[in-house]
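Dear colleague,

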Amino acid sequence: MSKLAHLMHRGTEFLGCEVAIMCGAMSWVSERNLVSAISNAGGFGVIACGAMTPELLDAEIAATKALTDKPFGVNLITMHPQIMELIAVCAKHQVSHIVLAGGLPPKGSIEAIKAAGAKVLCFAPALTLAKKFARSGVDALIIEGSEAGGHIGPVATSVLAQEILPELGEQLPIFVAGGIARGGLIASYLEMGAAGVQLAESR
Ligand SMILES: Cc1cc2nc3c(=O)[nH]c(=O)nc-3n(C[C@H](O)[C@H](O)[C@H](O)COP(=O)(O)O)c2cc1C
């Protein structure tokens, strides 16, 4: 096994793909074509549900499945008024990985995702919350710094990584996001204990 494959092993095992690189969900951008292209290339595509209705998400997942037989995830915004219906749509399609984004997961959401047999990933903006998520049965964390595109917290990726990876990096897979644009930086986060990375605008 190459050194890179070894460093990415936990992430590739968790995601079920060839390289432990998630393509971060981008609302109204991460749709069937981008997601299937990423997954077909060996990465891990993630549909951005954003403000989609359950009916639109249903159609988007079905269309993505028609374009790839590789694993992909769905990113759901926690403040969506129909979050539980969206989780049910993912369950209907047996989506393997659900990313809960945009705040604390609503009551019952983590349990509903796990009951459907999917893995759940949450964003951890601080060590205390990361520990809380680990205790709540979240399967993996994403730590996303202020360099990232979209709306995120004030702390830099490198600061969050140094705070959270040494504490929890062995306990559960952690993916690092925000401002990662070169392979050297991916390698350095893997060396620090990350399971993989999530890229979007900076790639
Ligand atoms: C246009 C745009 C839309 C985004 N939409 C979402 C979203 O719907 N849900 C989410 O969790 N993250 C969203 N993000 C964040 C990305 O998934 C990703 O974590 C982040 O952009 C990574 O940092 P990078 O852009 O520096 O690579 C968005 C980012 C961009 C640039």
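How far from an oxygen atom of the ligand does a backbone N or O atom of A25 lie? The separation is 2.7 Å. Please bear in mind that this is a predicted model.

In S27, a polar atom of the side chain lies 2.6 Å from an oxygen atom of the ligand. In A200, a polar backbone atom is 2.9 Å from a ligand oxygen atom. On its own, the ligand would expose 610 Å², of which the protein buries 86%. Two elements each give two or more residues to the shell around the ligand, namely strand 3 (72–77) and strand 8 (196–199).

The surroundings of the ligand may also be described as a whole. The ligand is surrounded by 20 residues, and the closest are A25, S27, E144, Q198 and S202.

I turn now to the helices. Two packed helices are described by the angle between their axes and by the distance between those axes. For helix 3 (residues 54–67) and helix 4 (residues 83–92), the axes come within 9 Å and cross at roughly 25°. Helix 3 is therefore roughly parallel to helix 4, as the angle is under 35 degrees. The crossing of helix 3 with helix 4 is right-handed.

A second pair is formed by helix 1 (residues 3–15) and helix 8 (residues 183–191), whose axes are 10 Å apart and which pack at an angle of about 60°. Helix 1 and helix 8 are therefore oblique to each other. Their crossing is left-handed.

Yours sincerely

Definitions and conventions
Residues numbered from 1 in each chain as written. Predicted model: local features only at pLDDT ≥ 70, side-chain atom pairs only at ≥ 80, totals over all residues. Heavy atoms only, no water. Near = heavy atom within 4 Å. Polar contact = N/O pair within 3.5 Å; in protein donor to acceptor, adjacent residues only side chain to side chain. Areas by Shrake-Rupley, 256 points an atom, 1.4 Å probe, with all protein chains shown as cover. Helix = DSSP H or I, 4+ residues; strand = E, 2+ residues; numbered from the N terminus. Axes fitted to C-alpha atoms, helices over the stretch in contact; angles between N-to-C directions. Parallel < 35°, antiparallel > 145°, perpendicular 65-115°, else oblique. Left-handed = near helix turned anticlockwise from the far one by under 90°.
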